[in-house]
Amino acid sequence: MSAMDSAALNALASSDPAAYRRAIRDWIATNLPPAWRSDAIDKVDPTLEELKDWEARMYRAGLWGAAWPKEYGGHGLTLREHLIVSQEVGRVPMPESVNSIGKELAGPIILAIGTEEQKKRFIPAILEMREIWCQGFSEPEAGSDLAGLRTRATHDGKVWRINGQKIWTSGGWRAQRCLLLARTGTLEDRHKGLALFALRMDAPGVTVQRIKQIDGEAEFAQVFFDNAPVEEIDALGAPNEGWKAAVRVLEIERATNRMYRAWRLENELRHLVSACRADPNLATLLSDPAYAQRLAQFRIEVEVLKRYVEGAVEDLVSGGSIGARGSLMKLHWSEAHQRFVALAMELLNQASLPPPPEVRAAQRRFRKAYMRARAETIYAGTSQIQLGIIADRILRLPRAA
């Protein structure tokens, strides 16, 4: 099934959902290079161009853009099919998307508030991997408190001019577009006077500096804007309604962004247990009641996350919204995953010496996951921010005097 036709796949979605799932599973198994899997003993990191080509192939096969309208390049299905794709993508430890901001944040926002011209211009470019997006929200003095951002957007009569700085911009160095939130009013306006833009990263006045991380990689960047121009046609929504759009972005990021995550976490659990069984020292630890209980607890947390995701999809298909419930999902998975990767390293550090190849592969995967997980309770809003939203908007608790 290496050359699966997207039209044939889409036809299965309504006629035979089980066959639709099998076709997706078979295509991934046939086309994903085995050495790209995170659990591969002889893992090879693909290049950026290889990843762009891989994601474009997934789109042409019908996997990406399942629920986006056909008139803008999508496959015209529903979120239920998007969920099936996400589940099958999550089952396999394939590389993370290099355009997740475009597909899971910018795209849905453009479909919701963009003009017809913007939808026709941006959406196909995202799906075909012609434009990679990054997110320009966080600033040195405005991380989770986005209402305090200082990057300014002023109109000079012809174009918008952007001045300021963004930080922790994932993939900023490889992006062609930035989903940028900037201030059009005063700092005292807080939530008012904010605007959202589709800024070109190659515009004059845009400077990108990569940030080296604790794991040795440089995925993040800081971005500086010195009178950088944004054409009027690249302004998303009304000039003073950027906060509403930003909240919408964050609700998507917390609830439906990387919908496959629950199934990827399940894959991590299976990989850890399989690696431990390949080593006599670790196999003994698996039968230790204390470790068995902690592993079982994570399995329960994964199942809870699955129910969160599946319930959110059904609500959205029925015309509902996610709202503040996205904070419940974000808080749950980020805290649970931090605990799990810490447990994984605790186990794997007790392996036999020298460890067997299966354990070395797991050590490599979970060492990276452990360091990356330190940020998971920070990005898309810290755990403290999520708790505040839950208390205020879901439990409706009174504020302290």
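Mentor: Helices α5 and α6 are roughly antiparallel to each other, a term used for angles over 145 degrees. A helix here is a DSSP run of H or I with at least four residues, numbered from the N terminus. This is a predicted model, in which local features need pLDDT of at least 70 and side-chain atom pairs count only at pLDDT 80 or more, while totals for chains, interfaces and linings use all residues. Residues are numbered from 1 along each chain as its sequence is written, and side-chain values use heavy atoms, with hydrogens and water left out.

Helix α5 spans residues 100-113 and helix α6 residues 116-127; their axes cross at roughly 165° and come within 10 Å. Axes are lines fitted to C-alpha atoms over the stretch in contact, and angles between N-to-C directions run from 0 to 180 degrees. The crossing of α5 past α6 is left-handed, that is, the near helix is turned anticlockwise from the far one by less than a right angle.

On the α5 side, G102, K103, G107, I110 and L111 meet Q118, K119, F122, I123 and I126 of α6, contact being heavy atoms within 4.5 Å. This contact comprises five nonpolar, three polar and two charged residues. Ala, Val, Leu, Ile, Met, Phe, Trp, Tyr, Cys and Pro count as nonpolar, Asp, Glu, Lys and Arg as charged, and the others, Gly among them, as polar.

Helices α11 (residues 325-348) and α12 (residues 357-373) pack at an angle of about 145°, with axes 9 Å apart, and their crossing is left-handed.

Conventions. Helices (H or I, at least four residues) and strands (E, at least two) are DSSP runs, numbered from the N terminus. Angles under 35 degrees count as roughly parallel, over 145 as roughly antiparallel, 65 to 115 as roughly perpendicular and the rest as oblique.
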